[in-house]
Amino acid sequence: MAPILSKIAIVGAGVSGIAAAKQLAHHQPVVFEATDCIGGVWKHCSYHSTKLQSPRCDYEFADFPWPNRENADFPSHLEILEYLDSYASHFDLRRFIRFNSKVIAVRFISDVSANGDSGEYGVLLPGRPVWEISVMDTESGTIQLYEVEMVVMCIGKYGDIARLPEFPSGRGPEKFAGKVMHSLDYCKLGKEEARELVKGKRVAVIGYKKSAIDLAVECAQTNEGEEEGQACTMVVRGLHWTVPHYWVWGLPFFFFFSTRSSQFLHERPNQTFLKTLICLLLSPIKQGVSKFIESYLTWKMPLVKYGLKPEHPFLEDYASCQMAIMPETFFRHADEGKIVIKKASKWWFWNGGIEFDDGSRSEFDVVIMATGFDGKKKLNDIFPPQFRTFLHYPSGMMPLYRGTINLMIPNMAFVGYLESVANLHTSEIRSIWLARLVDEKFKLPETRKMVEQINEEMEVMKRTTRFYKRHCISTYSINHSDQMCEEMGWKPWRKNTWFSEAFSPYGSQDYNKTTTTTK
């Protein structure tokens with residue numbers, strides 16, 4: 001079967017994929033989605049109780065606001081899927097999407113590198129095929145080849161491939177007589193199936209991030225009021241800060257991190273000597289803000305009582321995008337004995353359950369591992385060997401200029417691999433920037449300068465948090481957007497007054513192209 005020719009291929013139809021498709025629609029891209037619907041992790045990695053961790057107005061496209069955006073409630077995953085579905089319908093994006101089409105390999109078929117002798121990054125649409133993509137129809141099993149000038153990777157770091165702990169020989173899941181699954185498999189269960197799995201069972205949930213917390217609450221609610229209801233045990237290996245809501249001692253949370261003035265306290269890449277000096281002088285204030293928030297969290301929630309107060313500063317979790325909203329019923333369930341906390345850095349299986357590094361044993365019927373996903377393997381599985389070494393630095397982060405361009409991989413962009421506290425906005429503004437780059441409305445800096453920018457970003461993250469591998473820009477996200485606006489020829493300061501510019505939070509609506517002004 002002859003290859004099908006196309007200009008641009010987008011891999012994945014989650015939030016990042018449809019954002020990229022909308023911005024590149026004038027190039028008639030082809031979007032490959034392995035499943036039968038859009039939505040990505042919101043569709044395939046959500047529990048029945050999963051909700052967004054922020055208000056609607058903080059999770060919306062710039063030119064497509066929520067119809068009820070002033071509603072203070074956090075929308076459920078079903079409401080988010082409905083919103084994404086409405087967005088795709090409004091902009092007629094399904095015409096580009098090939099559902100049930102799984103990309104199983106990409107192959108470089110050009111003899112041109114990403115960087116020429118001039119030290120400049122090459123054009124993204126050279127007028128000839130650069131990549132061959134092997135796409136499998138998940139229903140028929142047939143494989144179709146596509147040849148494209150450019151690929152936009154939007155499969156993200158989460159979902160699809162579970163990350164599983166390593167166990168000593170003979171002490172893995174095969175030793176356990178009960179049922180073991182990953183949270184990814186739990187998400188695939190129907191509501192009644194999930195209920196029957198944990199009802200009246202001794203369940204262990206491994207982990208203490210958002211998915212593990214939600215899963216423990218869902219398990220406790222299922223067994224609430226049941227005569228034979230059992231406690232759900234959370235096996236906590238590492239602690240992270242959680243927040244009950246977005247208010248701290250009566251002040252809105254955005255006041256501390258999401259305004260231009262608040263982010264002025266934090267280091268940013270390639271800042272001037274004067275700015276570095278100011279950051280140094282203001283570091284006690286920055287540390288004080290973190291302590292101020294910690295004092296509220298330990299007052300509001302019984303973190304000390306249950307041994308859930310982290311040793312590291314709150315700022316380090318915020319700077320690595322690991323802050324999670326604690327469900328309001330979590331500690332009530334803990335007080336009632338429906339959720340039991342067990343801290344253990346190492347554990348393994350025995351026939352009847354789990355053995356911990358302190359020598360104790362607990363019996364379980366079901367063990368669910370909320371231990372994350374292997375996004376690196378997702379890319380390695382489809383990339384040609386000669387490019388795999390360029391996907392990650394030794395630090396563990398993917399080297400991306402503006403969170404989008406890997407300088408060693410030609411004619412390819414990545415959207416959805418850089419994190420912030422508002423990932424939808426982060427993906428959208430990078431899609432806007434990418435579309436203007438594709439259309440040659442601006443040029444990238446010299447390769448040397450882009451490498452310096454990438455390395456400096458990584459160094460800033462290393463100096464800010466021990467959890468830097470997540471590649472999060474939450475403490476300098478406004479500055480990051482400023483630099484992208486300047487490259488696109490947009491005015492970086494988006495507010496109407498200096499007071500709003502300094503003290504109002506930044507969001508996607510500030511980057512609506514219908515209100516964009518240029519320099």
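Analyst: Two strands pair if DSSP finds at least two bridges between them. Strands (E, at least two residues) and helices (H or I, at least four) are DSSP runs, numbered from the N terminus. The model is predicted: local features need pLDDT of at least 70, side-chain atom pairs count only at pLDDT 80 or more, and totals for chains, interfaces and linings use all residues. Residues are numbered from 1 along each chain as its sequence is written, and side-chain values use heavy atoms, without hydrogens or water.

Start with strand 9, residues 232-236. Five bridges join it to strand 14, and the two run parallel. Val235 stands opposite Lys342 in strand 14. Both strands belong to an open, five-stranded sheet with parallel pairing, in the order 7-18-8-9-14. Strand 7 (179-182) and strand 14 (339-343) have a single partner strand each, so one side of each lacks a neighbour in the sheet.

Now the cysteines. A disulfide is a pair of cysteine sulfur atoms within 2.5 Å. By this rule, the count is one. Cys321 is joined to Cys472, S to S 2.0 Å. The link is right-handed, with 70 degrees about the S-S bond. Cys321 lies in the loop between helix 10 (314-319) and strand 13 (324-325), and Cys472 in the loop between helix 15 (447-464) and helix 16 (477-488), so the pair ties together parts 151 residues apart in sequence. Both Cys321 and Cys472 are buried. Buried means under 20% relative accessible area, exposed over 50%, partly exposed in between (1.4 Å probe, protein chains only).

Cys232 is in no disulfide; its nearest cysteine sulfur, that of Cys219, is 3.9 Å away. Cys232 is buried, at 0% relative accessibility.
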